[in-house]
Amino acid sequence: MPEFTSAEYTAILLSLKVSIVATLLSLPFGFSAAYVMTYRKFRGKFVLDLIVNLPLTLPPVVIGYILLVVLGQNGVIGKQILQPLGIKLIFTWKAAVIATAVVGFPLLVRSIRIGMETIDQGLVQASRTLGAGWFDTVMTVILPLSLRGVIAGSALMFARGLGEFGATIIVAGNIPGVTQTIPLAIYEYASSPDGDRMALALCVVSVVISVVVLLFHEYLSRRMIRVD
Amino acid sequence: MKQAVVMSLAALTVILCCSSPLFAGEINLAVAASLKEVLNELSDNYAKTHPGVGFRKNYGGSGALAKQIENGAPADIFISANTEWLDYLKARKQADEKSIATFTYNVLVFAGKPGLKATGVQDVVKLDRIAIGSPKSVPAGEYAMEAFKKAGISKQLEKKLVMAKDVRECLMYADRGEVDGAFVYKTDAQQAARNAKILFVVPQEYYPRVTYPMALTVNGAKNAEAAAFYNVLKSVEAQAVLKKHGFIVK
């Protein structure tokens with residue numbers, strides 16, 4: 001195995017960091033979206049469903065490009081809101097987080113929804129008749145009972161985030177030590193004639209992390225079943 | 001109904017498999033991204049006077065192209081933006097040694113936001129984000145890194161460098177204003193930039209001269225059409241096109 005330089009170690013740590021932050025940031029939104037779509041009836045629900053799930057089928061490059069056009073120096077949000085506030089997103093690790101969050105969001109919402117749909121409606125109604133407000137019901141009945149879906153969704157989203165490439169390379173660029181995640185480093189090595197050893201070594205790291213996440217996912221689901 | 005579906009799927013498969021007919025006069029080019037306009041013009045002219053000849057053009061970072069060729073990508077003619085990647089193919093017996101010649105020369109510049117106070121290599125450290133081609137596979141990035149090393153500013157620039165997959169992507173970053181500036185060739189900045197302006201020309205003592213060697217590949221040497229077009233690349237006509245696009249021919 002070739003010697004990793006600090007750039008490779010940073011890439012590995014950065015991949016983990018971006019994926020964890022994106023998942024944690026998305027959790028409250030993902031839970032709310034899943035709740036609204038499972039329990040509320042309203043006009044335009046179909047549209048919300050469509051928007052939430054769109055990143056699942058859109059090419060990540062399209063997502064990256066849309067984000068760049070919107071958040072970039074000349075974009076609507078970029079120019080009107082971010083620039084006056086002195087916030088620079090494009091080509092920073094925060095842009096990588098946003099790209100990862102958008103791409104992984106549908107996976108999170110889907111898992112949480114599946115978790116919520118398996119909750120016995122009787123329990124939800126019982127809590128309401130016993131005087132709990134909707135917020136109390138969410139926190140004490142729906143959240144604990146859908147926890148399995150929440151964790152499964154988070155693990156899936158985290159794993160998807162580790163592999164994010166298309167949207168990230170467009171909005172976060174490829175800056176070694178700053179925004180270069182594992183897939184971006186592999187991409188750079190893969191197009192370099194001398195880079196095969198390094199590219200393969202980073203692939204091994206990717207496989208190891210993915211296997212660990214999947215085992216963790218499996219372990220959690222089993223433990224959940226036993227608790228049930 | 002079921003039969004109809006099966007039939008149409010079968011028909012679709014057949015169509016998809018046959019949709020790329022290989023005609024006799026096919027010339028595959030693998031050319032450094034900075035030469036895009038030049039090779040487009042030369043190949044268009046050639047195709048006009050030689051009906052039946054078709055071009056497949058692959059523009060990109062020279063290192064990436066060399067690796068593709070090494071791994072079996074179809075290529076008859078390879079033009080690199082430095083000698084390193086042509087030598088790489090030569091060492092692997094993928095380039096036809098007799099055919100190796102120099103196509104043209106170029107100059108490295110720093111292009112960025114108009115009005116930016118950067119007039120020399122030393123000023124670059126004051127900027128926030130700078131795009132270069134990935135030095136692992138893009139010669140323009142290697143030349144830029146050479147210049148940083150000579151100027152003694154490699155360390156200060158370490159976390160400011162956005163790596164682009166080829167020199168045109170590098171220029172695009174500067175053009176969009178997402179980076180302060182980019183190290184590209186003079187010809188890129190002149191032909192393809194819309195907003196970015198050349199802020200300074202990197203003095204020649206900082207980096208080796210940008211040289212574009214070309215060669216027929218081992219497969220290309222067996223392709224009569226490719227060999228004929230290769231002679232056009234060495235002709236006066238090609239030199240005129242290169243000059244028109246701002247390249248240096250001597």
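Modeller: Two residues are in contact if their C-beta atoms, placed from the backbone, lie within 7 Å. Residues are numbered from 1 along each chain as its sequence is written, with chains lettered from A and ligands numbered from 1 in the order in which they are written. This is a predicted model, where local features need pLDDT of at least 70, side-chain atom pairs count only at pLDDT 80 or more, and totals for chains, interfaces and linings use all residues.

Biologist: What ipTM does the predictor give the complex, and what is the mean pLDDT of chain A?

Modeller: The complex has a pTM of 0.82 and an ipTM of 0.74. pLDDT is the predictor's confidence in each residue, from 0 to 100. Chain B averages 91, with 95% of the residues scoring at least 70. In chain A, 97% of the residues reach 70 or more, and the mean is 90.

Biologist: Which element of chain A has the highest confidence?

Modeller: Chain A has zero strands and eleven helices, both being DSSP runs numbered from the N terminus (helices H or I, at least four residues; strands E, at least two). Confidence in chain A is lowest in helix 11 (residues 196–227), at a mean of 85. The highest, at 95, belongs to helix 5 of chain A.

Biologist: How does helix 8 of chain A lie against helix 5 of chain A?

Modeller: The two axes cross at roughly 160 degrees and come within 8 Å, where axes are lines fitted to C-alpha atoms, for helices over the stretch in contact, and angles run from 0 to 180 degrees between N-to-C directions. Angles under 35 degrees count as roughly parallel, over 145 as roughly antiparallel, 65 to 115 as roughly perpendicular and the rest as oblique. Helix 5 of chain A is therefore, relative to helix 8 of chain A, roughly antiparallel.

Biologist: Is the crossing of helix 2 of chain A with helix 5 of chain A left-handed or right-handed?

Modeller: Helix 2 (residues 45–57) and helix 5 of chain A pack at about 115 degrees, with axes 7 Å apart. Val52(A) and Leu56(A) are among the residues of helix 2 in this contact, and Val102(A) and Phe105(A) among those of helix 5. A crossing is left-handed if the near helix is turned anticlockwise from the far one by less than a right angle, and right-handed if clockwise. This crossing is left-handed.

Biologist: Which residues of helix 5 of chain A meet helix 3 of chain A?

Modeller: Helix 3 (residues 60–71) packs on helix 5 (residues 93–117) of chain A at about 130 degrees, with the axes 10 Å apart, and the pair is therefore oblique. The contact has seven nonpolar residues, one polar and no charged. Pro60(A), Ile63(A), Gly64(A) and Leu67(A) of helix 3 of chain A meet, in helix 5 of chain A, Ile98(A), Ala99(A), Val102(A) and Val103(A).

Biologist: How far apart do the C-alpha centres of the two domains of chain B lie?

Modeller: Chain B is divided into domain 1 (24–105 + 210–244) and domain 2 (108–201), with bounds that come from an automatic or database domain assignment. Their contact takes eleven residues from domain 1 of chain B and 17 residues from domain 2 of chain B. The C-alpha centres of the two domains lie apart by 26 Å.

Conventions
Nonpolar A, V, L, I, M, F, W, Y, C, P; charged D, E, K, R; others polar.
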